[in-house]
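Biologist: Hi! Could you load the model and walk me through how its helices pack?
Modeller: Happy to, here it comes.

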Amino acid sequence: MEFLKELFTEPLTFEAFSKAVSEKGYKLANLSGGEYVDKKKLTDALFKNKELTEQLSTLSGEMQELKDKGATAEDYKSKFEQLQGDIARKEEEAREAAADKELTGKILEVFPKDKDFTSEYVKNGLISDIKARHAEDNTKGLQAIFDELTKDKDGIFKSQNPRGQMQGMGEVDTSIIDTAKARSIMGLSNE
């Protein structure tokens, strides 16, 4: 609601309020009616709906194929068991992908916010190494694994003080240099 403060610099009529809201591009909704859906929940629901629609289409096609071939009850049973196995495998893959995504998110939280990686390749490699170490020994925290992998290592993060590009000196007129005087200043003999 803080964003509305800038609209109320003076008392407003409903018409002035409506105009100010539309000028700012705000969209107001009555959330008490349940019209609002969190974007992530909607995306997840749409993905799940698409996935289920594909499964239903596949299942319908498979069953129609069996029906057209005049399949026996044993054929239906065998196909049903195969489809159950396929669905279980896909669900397991989805669970593993969700767990991997969650672990990646936790690893990203461990990374220092004030440092940038030298490249995405380095960042992704470090994520992969942390996952591998975590799989070997999940008693260590992600922060401890990160610290072990990055301690005293160069080339992971960009330098806080990057090297500047030194400009060339340009042309130097050597005719004005007194070689004997320069050598004596440096403590060298004039030979």
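Biologist: Let's begin with K79. Where is K79 found?
Modeller: K79 is found in helix α3. Keep in mind that this is a predicted model.

Biologist: Is K79 buried or exposed?
Modeller: K79 counts as buried, because its relative accessibility is 17% and the cut-off for buried is under 20%.

Biologist: And which residues does K79 touch?
Modeller: Leaving out residues up to four places away in sequence, K79 touches E62, M63 and L66.

Biologist: Which other residues of α3 are buried?
Modeller: Along with K79, the buried residues in α3 are L83, L103, T104, I107 and V110.

Biologist: What do those buried residues pack against?
Modeller: The buried residues of α3 pack against α2 (39-68), α4 and α5.

Biologist: How many residues does α3 have, and how far does it reach?
Modeller: Helix α3 covers residues 73-110, which is 38 residues. From its first C-alpha to its last it reaches 56 Å, close to the 56 Å expected at 1.5 Å a residue.

Biologist: OK, on to the packing geometry. What numbers do you use for a pair of helices?
Modeller: Two packed helices are described by the angle between their axes and the distance between the axes.

Biologist: Then what is the angle between α3 and α4?
Modeller: The angle between α3 and α4 is about 110 degrees, and their axes are 11 Å apart. That makes α3 roughly perpendicular to α4. The crossing of α3 and α4 is right-handed.

Biologist: Which residues meet there?
Modeller: On the α3 side you have D100, L103, T104, I107 and L108, and these meet K123, I127, I130, K131 and H134 in α4. By class, the contact of α3 with α4 has five nonpolar, two polar and three charged residues.

Biologist: Now α3 with α5. At roughly what angle do their axes cross?
Modeller: The axes of α3 and α5 cross at roughly 60 degrees and come within 9 Å. That makes α3 oblique to α5. α3 passes α5 in a right-handed crossing.

Biologist: And which residues of α3 and α5 meet?
Modeller: From α3 there are L103, K106, I107 and V110, which meet L142, Q143 and F146 in α5. The residues of the contact of α3 with α5 divide into five nonpolar, one polar and one charged.

Biologist: Switching topic: what is phi of D152 near?
Modeller: Phi of D152 is near 60 degrees, which is a positive value in a residue other than glycine.

Biologist: Where is D152 found?
Modeller: D152 is found in the loop between α5 and α6 (179-185).

Biologist: Buried or exposed, that D152?
Modeller: D152 counts as exposed, because its relative accessibility is 73% and the cut-off for exposed is over 50%.

Biologist: Great, thanks!

Definitions and conventions: Residues are numbered from 1 along each chain as its sequence is written. This is a predicted model: local features need pLDDT of at least 70, side-chain atom pairs count only at pLDDT 80 or more; totals for chains, interfaces and linings use all residues. Side-chain values use heavy atoms; hydrogens and water are left out. Helices (H or I, at least four residues) and strands (E, at least two) are DSSP runs, numbered from the N terminus. The expected span of a helix is 1.5 Å times one less than its number of residues. Buried means under 20% relative accessible area, exposed over 50%, partly exposed in between (1.4 Å probe, protein chains only). Contact means heavy atoms within 4.5 Å. Axes are lines fitted to C-alpha atoms, for helices over the stretch in contact, and angles run from 0 to 180 degrees between N-to-C directions. Angles under 35 degrees count as roughly parallel, over 145 as roughly antiparallel, 65 to 115 as roughly perpendicular and the rest as oblique. A crossing is left-handed if the near helix is turned anticlockwise from the far one by less than a right angle, and right-handed if clockwise. Ala, Val, Leu, Ile, Met, Phe, Trp, Tyr, Cys and Pro count as nonpolar, Asp, Glu, Lys and Arg as charged, and the others, Gly among them, as polar.
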